[in-house]
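Hi,

Here is the structure I promised you. Please open it and follow along with the notes below.

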Amino acid sequence: MKSRLPSFANRVLSVVCIGEDTGQLIANPEWETQGGRLFLVGRVPKKASQDNWMEGLPCAIAWDTVQDYVVFQSIDDYLTRLESGPRKSTKGKR
């Protein structure tokens, strides 16, 4: 099996780490090895939190701690989807 890392250039990821309930946003992440471990390294995007106190700061997430992630086109894409709330299912309705 061929091992290849995905490119997340110009994207925003919501990353949930093992044991966590909520995701951490990271903008324009790139792959970097630090201390023998693989990390996603990027910046905390604007509007990533209610009080924005970490906005623009560098951040890194160890890949071996990632449980799952969702890729967004931009922070605006993320915010639009967040504000729209849960989508109602039409499955089984007439």
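Strand 1 and strand 5 (residues 66-72) pair in the antiparallel sense, over six bridges. Strands here are DSSP runs of E, at least two residues long, numbered from the N terminus. Two strands pair if DSSP finds at least two bridges between them. Val15 stands opposite Tyr69 in strand 5.

This is a predicted model, where local features need pLDDT of at least 70, side-chain atom pairs count only at pLDDT 80 or more, and totals for chains, interfaces and linings use all residues. Residues are numbered from 1 along each chain as its sequence is written, and side-chain values use heavy atoms, with hydrogens and water left out.

Strand 1 also pairs with strand 2 (residues 24-34), again antiparallel, over four bridges. Leu13 has Ile26 of strand 2 as its bridge partner. Six residues lie between the strands of this hairpin, where Gly19 takes a positive phi near 85°.

Is strand 1 buried or exposed? Six of the six residues of strand 1 (residues 12-17) are buried, so the strand is largely enclosed by the rest of the structure. Buried means under 20% relative accessible area, exposed over 50%, and partly exposed in between (1.4 Å probe, protein chains only). In a regular strand, side chains alternate between the two faces of the sheet. Val12, Ser14 and Val16 are buried on one side of strand 1, and Leu13, Val15 and Cys17 on the other.

Now to Trp53. This residue sits in the loop between strand 3 (37-43) and strand 4 (58-62). Trp53 counts as exposed because its relative accessibility is 61%.

Best wishes
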